[in-house]
Amino acid sequence: MADDAQVHDITITTDAGEMPAHVWLPPSGSGPGIVLLQEIFGVSAYIRRRAADLAALGYVVLAPEIFWRIGATEPLEGDGALDRAMGLVQKLDWDAATADGVAAVHALREHESVTRGVGLIGFCFGGGLGYQVAAALEGAGGSDGGETGEAGEGTRRDSPADALVSYYGSSLPQVYDKLTVTAPSLHHFGLADSYIDQPTVRAIEAELTQQPETTLVTYEGAEHAFDNSDMGWFDPQASSLAWERTVEFFGERLPVG
């Protein structure tokens, strides 16, 4: 993975105040944009490494602190991190989080270093949220704990995302049959996921791939969070293959050159 270089902190204006966020610039200083939506532990060291990886490929990457409204802007680490993270998700206003994701897309589209389109990528919590943000950009409502809501401020019809990559989106089981994304999308799921079982993955696959620009790929024996090299569930083979497919997908749908 690439080094965490050329990163700086910014804030993004929302209806509730200034949301903290981080921007990674590519070596060239400019390029297409990608909004990276955090895992359940926040903008962790792992998420920062993936942001740096994308920047090294030539993308301007923006990672917002989605838990900022509930007072969490630092990564959750150490013993009990998962329990604390699950507690934060229980407090989360999904409509507001979706609106904040949309605001991040707006901010990146307007960033002086972004020369062309903007895509989305999310991992775990962010993988599901990324799907909801992409749906909101296409005019769908937000969601509160997975239920479809009415479109409101921040979820109006907008320019669709240029591309979406979702890694084992944790909220997809609640929203896949309620929200539609027509933008080019790539979804990764492990078939040994402790949180999203195989029948659910196959149901998500059947629904989402009705859209001609959507691809769902599965990884035999891979657990949830198989891409996170800081976790015991890390699967080097699945991680490498999924990242290769992610890079190829963005290269086709959101080319740097």
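Buried here means under 20% relative accessible area. Keep that cut-off in mind on this tour. The model is predicted.

**Stop 1: Ala 72**

Select Ala 72. Ala 72 sits in the loop between β4 (60-64) and α2. Buried or exposed? Ala 72 has 13% relative accessibility, so the residue counts as buried.

Now show what is around Ala 72. Setting aside neighbours within four places in sequence, the contacts of Ala 72 are Glu 65, Phe 67 and Leu 88. Ala 85 is 13 residues from Ala 72 in sequence, and the C-alpha atoms are 9.7 Å apart in space.

**Stop 2: the cavity**

How many cavities of 30 Å³ or more does a search of the whole structure find? The search finds one. The largest cavity holds about 30 Å³ of space. Colour its lining by class: four residues are nonpolar, three polar and two charged.

**Stop 3: Pro 75**

At 26% relative accessibility, Pro 75 counts as partly exposed.

Which residues does Pro 75 contact, leaving aside neighbours within four places in sequence? They are Phe 41, Val 43 and Ser 44. Pro 75 and Asp 197 are 122 residues apart in sequence, with 27 Å between their C-alpha atoms.

**Stop 4: Val 61**

Step back to strand β4 and pick Val 61. Why does Val 61 count as buried? Its relative accessibility is 0%, and buried means under 20%.

Show the contacts of Val 61, again not counting residues up to four places away in sequence. Val 61 touches His 22, Val 23, Trp 24, Ile 34, Leu 36, Ala 51, Leu 54 and Ala 55. Then bring back Ala 85. The C-alpha atoms of Val 61 and Ala 85 are separated by 24 Å, and the two residues are 24 residues apart along the chain.

**Stop 5: the largest pocket**

Select Ile 40, Met 86, Val 89, Ser 170 and Tyr 195. Of the 21 residues that line the largest pocket, these lie nearest its centre. The pocket has a volume of about 510 Å³.

Which helix gives the largest share of the lining? Helix α2 (residues 81-91) does, with four residues. By class, the lining has 13 nonpolar residues, seven polar and one charged.

**Stop 6: two positive phi angles**

Select Tyr 168, in the loop between β8 (164-167) and α5 (172-175). Its phi is near 35°, a positive value in a residue other than glycine. Tyr 168 counts as buried because its relative accessibility is 1%.

Next, go to Ala 225. Ala 225 is in the loop between β10 (214-219) and α7 (236-253). Its phi is positive too, at about 60°, although Ala 225 is not a glycine. With 7% relative accessibility, Ala 225 counts as buried.

**Stop 7**

Nonpolar side chains tend to be buried together in soluble globular proteins. To see this here, select Leu 120, Ile 121 and Phe 250. They have the most contacts inside the largest nonpolar core, which has 86 residues. Helix α4 (residues 125-137) supplies the largest share of this core, eight residues.

**Last stop: the annotated spans**

Residues 21-138 are 45% helix and 22% strand, and the end C-alpha atoms lie 23 Å apart. Residues 158-252 are 34% helix and 17% strand, with the end C-alpha atoms 22 Å apart.

Definitions and conventions
Residues are numbered from 1 along each chain as its sequence is written. This is a predicted model: local features need pLDDT of at least 70, side-chain atom pairs count only at pLDDT 80 or more; totals for chains, interfaces and linings use all residues. Side-chain values use heavy atoms; hydrogens and water are left out. On a 1 Å grid over the protein atoms alone, a cavity is a set of points where a 1.4 Å probe fits but cannot get out, and a pocket is an open set with protein on both sides within 12 Å along at least five of seven lines; lining residues have an atom within 4 Å of a point. Grid points are joined across faces, edges and corners, and a volume is the space filled by probe spheres set on the points. Ala, Val, Leu, Ile, Met, Phe, Trp, Tyr, Cys and Pro count as nonpolar, Asp, Glu, Lys and Arg as charged, and the others, Gly among them, as polar. Buried means under 20% relative accessible area, exposed over 50%, partly exposed in between (1.4 Å probe, protein chains only). Contact means heavy atoms within 4.5 Å. A nonpolar core is a set of buried Ala, Val, Leu, Ile, Met, Phe, Trp, Tyr and Cys residues joined through side-chain atoms within 4.5 Å.
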